Amino acid sequence: PGPRIGIAPSSRWPSKNWPIESFIIACQTLQRRAGAHIVLFGGGPDKAAARAIVEALGSGVTDFAGRTTIAETMGLLKQMDLVISNDTGPMHLAAALKVPVVALFGPTDPVRTGPYGGASVVIRAKDAPCSPCFKARCRRPDRACMEGIAPDAVVQAALQLLQRPPSPAL
């Protein structure tokens with residue numbers, strides 16, 4: 001009955017990954033505040049991150065990480081009310097499909113890499129002078145650009161996007 005929120009918790013660059021603990025906090029809050037059903041996306045290498053989220057949430061979550069083709073992922077993404085994602089493939093696909101996106105950016109530049117199309121909000125850490133660095137591996141022990149993104153900021157952006165009228169279908 002609640003909104004379907006797609007989560008893409010991993011990317012190929014370790015530096016672009018928001019901490020799994022932060023995804024868990026955001027998902028739990030959205031389940032509690034919006035009655036959200038969480039749907040996890042990703043490839044085979046993303047199964048461990050998805051499993052950690054499933055174990056933490058316990059219920060109200062469906063895990064498709066490593067279980068779908070790109071075409072199947074697109075079909076599922078199109079059914080989402082919202083997607084929360086690092087700068088990675090499912091984020092770009094969701095934006096192209098006009099699914100509202102909360103995009104989490106650190107080492108890359110959203111002006112340069114998107115998301116393009118559809119309703120999207122980009123969240124970046126406020127105190128990360130090193131961002132964007134365009135490095136696949138962070139050299140800072142504090143990972144300021146991704147660790148500095150507060151789960152509450154992501155939840156607030158998600159709740160605002162969920163209140164917007166839906167985009168016209170493709």
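A polar contact is a pair of N or O atoms within 3.5 Å; within protein, one atom must be able to donate a hydrogen and the other to accept it. In this predicted model, the side chain of Thr-29 lies 2.8 Å from the backbone oxygen of Ile-25. The protein chain holds seven helices and six strands, and 46% of its 170 residues count as buried.

**Overall fold**

- Along the sequence, the secondary structure elements of the protein chain follow the pattern β-α-β-α-β-α-β-α-β-α-β-α-α.
- Of the contacts in the protein chain between residues at least 6 apart in sequence, 59% join residues at least 24 apart.

**Helix α1 and Thr-29**

- Thr-29 belongs to helix α1, which spans residues 20-34.
- Thr-29 counts as buried because its relative accessibility is 12%, and the cut-off for burial is under 20%.
- Once residues up to four places away in sequence are set aside, Thr-29 touches Ala-34 and Val-155.

**Helix α2 and Leu-57**

- Helix α2 covers residues 47-57, and its residues Ala-49, Ala-50, Ile-53 and Leu-57 are buried.
- These residues lie on the same side of α2, because they cover an arc of only 100° around the axis.
- In an α-helix there are 3.6 residues a turn, so residues three or four places apart point the same way.
- The elements against which the buried residues of α2 pack are β1, α1, β2 (37-40) and β3 (61-63).
- Leu-57, a residue of helix α2, has a relative accessibility of 11% and therefore counts as buried.
- Apart from residues up to four places away in sequence, the contacts of Leu-57 are with Ile-24, Cys-27, Gln-28, Gln-31 and Ile-38.
- Leu-57 and Ile-25 are 32 residues apart along the chain, and their C-alpha atoms are separated by 9.4 Å.
- Gly-58 follows α2 and has a positive phi, near 80°.

- The residues Pro-90, Met-91, Ala-94 and Ala-95 of α4 are buried.
- Viewed down the axis of α4, the buried residues fall within an arc of 135°, so they line one face of the helix.
- The buried residues of α4 pack against helix α3 and against the strands β1 (4-8), β4 (82-86) and β5 (101-105).
- Lys-98 is placed in the loop between α4 and β5.
- Most residues other than glycine have a negative phi.
- Lys-98 is not a glycine, yet its phi is positive, at about 65°.
- Lys-98 is classed as partly exposed because its relative accessible area is 36%, which falls between the 20% limit for buried residues and the 50% limit for exposed ones.

- Ser-85 is part of strand β4 and is buried, with a relative accessible area of 0%.
- Beyond its neighbours within four places in sequence, Ser-85 is in contact with Ala-8, Met-91, Val-102, Ala-103 and Leu-104.
- Val-102 is part of strand β5 and is likewise buried, with a relative accessible area of 0%.
- When residues up to four places away in sequence are not counted, Val-102 touches Leu-82, Val-83, Ile-84, Ser-85, Val-121, Ile-123, Val-154, Ala-157, Ala-158 and Leu-161.
- Val-102 and Met-91 are eleven residues apart in sequence, with a C-alpha to C-alpha separation of 8.5 Å.

**The largest pocket**

- The space in the largest pocket amounts to about 460 Å³.
- The lining of the largest pocket consists of 20 residues, and those nearest its centre are Gly-43, Asp-46, Thr-88, Gly-89 and Pro-90.
- By residue class, the lining of the largest pocket comprises seven nonpolar, nine polar and four charged residues.
- Helices α3 (70-77) and α4 (89-96) each supply at least two residues of this lining, and α4 gives the most, with three residues.

Definitions and conventions:
Residues numbered from 1 in each chain as written. Predicted model: local features only at pLDDT ≥ 70, side-chain atom pairs only at ≥ 80, totals over all residues. Heavy atoms only, no water. 1 Å grid on protein atoms, 1.4 Å probe; cavity = no way out; pocket = protein on both sides within 12 Å on 5 of 7 lines; lining within 4 Å. Points joined across faces, edges and corners; volume = space filled by probe spheres on them. Helix = DSSP H or I, 4+ residues; strand = E, 2+ residues; numbered from the N terminus. Nonpolar A, V, L, I, M, F, W, Y, C, P; charged D, E, K, R; others polar. Buried < 20%, exposed > 50% of the residue type's maximum accessible area, 1.4 Å probe, protein only. Contact = heavy atoms within 4.5 Å. Arc of directions from axis to C-beta.
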